[in-house]
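These are my notebook entries on one structure, written in the order in which I looked things up. Each entry takes up one topic.

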Amino acid sequence: MAKKLKDINLLLAYQYEIRPKSNGARLLLLLLILEITIFILISSIYLSKIASVKNDVVYLNSLITQKEKSVSEVKNIIQQREIISQKENFINLKYQEHDKILRVLNELESITPANVLFENMSLSQDKFACIVKSTSVESLFQFILNLKSSSLFTNISFSSITGDSVVKTISVTANIVWRK
């Protein structure tokens, strides 16, 4: 009798032994691939958001630069306007001073008798002084009386009349009253 030999397939037995272990390894490999995929997906989302924020920062920086230029231009315009306002105030002040001088000169012209001549005249903020000449003493006194009756002049004083037999000279000082 021949003995029947049983055929033992060691390779098949080896596969059975390994197979349950390979399911666990495949599962771990599959989870690892899934985790890497999710990580890449989340990373790409955040990288796109970072790129978007960088673009926003660049845009906002350009807006800041534009607004700074605008602010600088507005400051220059305000500064120019202040300079113009100062010049305008200066011109108005000079015009008012000129107007006051014209009022004094017009008043003097209207109250001065015909044969009285001004030899010297000084005018300050609120003081008036002059030296006048005339051929008649009456004209000099008439000038003094006219000054006293004028509403523009106060505290009128004069020194003695000097001169020769033809021309008489008198020195007059007065305060000016500025009325609007």
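**Entry 1: Helix H2**

I began with helix H2, which covers residues 137-149, in what is a predicted model. I counted 13 residues in helix H2 and found that the helix reaches 18 Å from its first C-alpha to its last. That value is close to the 18 Å expected at 1.5 Å a residue.

I then asked which residues of H2 are buried. I found Ser139, Leu140, Phe143, Ile144, Asn146 and Leu147 to be buried. These residues lie on the same side of H2, because they cover an arc of only 160 degrees around the axis. I noted next what the face turned away from this buried side carries: the exposed residues Glu138, Leu145, Lys148 and Ser149.

**Entry 2: The chain as a whole**

I stepped back to the overall layout. The protein chain has two helices and five strands. Read along the sequence, the elements follow the pattern α-β-β-α-β-β-β. The chain has 180 residues, and 16% of them count as buried.

**Entry 3: Salt bridges**

How many salt bridges does a search of the whole structure find? I recorded two.

One of them joins Glu97 to Lys94, with the closest N and O atoms 3.2 Å apart. I placed Lys94 in helix H1, which runs over residues 10-111. Glu97 and Lys94 are three residues apart in helix H1, so about one helical turn separates them.

Lys94 counts as partly exposed because its relative accessibility is 38%, which lies between the limits of 20% and 50%. Glu97 has a relative accessibility of 28% and is likewise partly exposed.

The other salt bridge is formed by the side chains of Lys133 and Glu119, at 2.4 Å from N to O. This pair links distant parts of the chain, for Lys133 is in strand S2 and Glu119 is in strand S1 (residues 116-123), 14 residues apart. I noted Lys133 as partly exposed, with a relative accessible area of 30%. Glu119 is partly exposed too, at 46% relative accessibility.

**Entry 4: Ser134**

I stayed in strand S2, residues 127-134, where Ser134 is found. Is Ser134 buried or exposed? Ser134 counts as buried because its relative accessibility is 3%, which is under 20%.

I also looked up what the side chain of Ser134 contacts. The side chain reaches the backbone oxygen of Asn115 at 3.2 Å. A polar atom of the Ser134 side chain also lies 3.2 Å from the backbone nitrogen of Ser136.

Leu105 is partly exposed, with a relative accessible area of 36%. I noted that Leu105 and Leu123 are 18 residues apart along the chain, and that 9.9 Å separates their C-alpha atoms.

Which residues form a nonpolar patch on the surface? I listed Leu27, Leu28, Leu30, Leu31, Leu34, Ile38, Ile42 and Tyr46. Together they have about 810 Å² of accessible area. Ile38 lies in helix H1, and its relative accessibility of 42% makes it partly exposed.

**Entry 5: Asn155**

My last entry concerns a backbone angle. Asn155 has a positive phi of about 50 degrees, although it is not a glycine. Asn155 lies in strand S3, which spans residues 153-158. I recorded Asn155 as exposed because its relative accessibility is 59%, which is over 50%.

Definitions and conventions: Residues numbered from 1 in each chain as written. Predicted model: local features only at pLDDT ≥ 70, side-chain atom pairs only at ≥ 80, totals over all residues. Heavy atoms only, no water. Helix = DSSP H or I, 4+ residues; strand = E, 2+ residues; numbered from the N terminus. Buried < 20%, exposed > 50% of the residue type's maximum accessible area, 1.4 Å probe, protein only. Expected span 1.5 Å × (residues − 1). Arc of directions from axis to C-beta. Patch = residues over 30% accessible without salt bridge, like charges linked within 9 Å, V, L, I, M, F, W, Y side chains within 5 Å. Areas by Shrake-Rupley, 256 points an atom, 1.4 Å probe, with all protein chains shown as cover. Salt bridge = Lys/Arg side-chain N within 4 Å of Asp/Glu carboxyl O. Polar contact = N/O pair within 3.5 Å; in protein donor to acceptor, adjacent residues only side chain to side chain.
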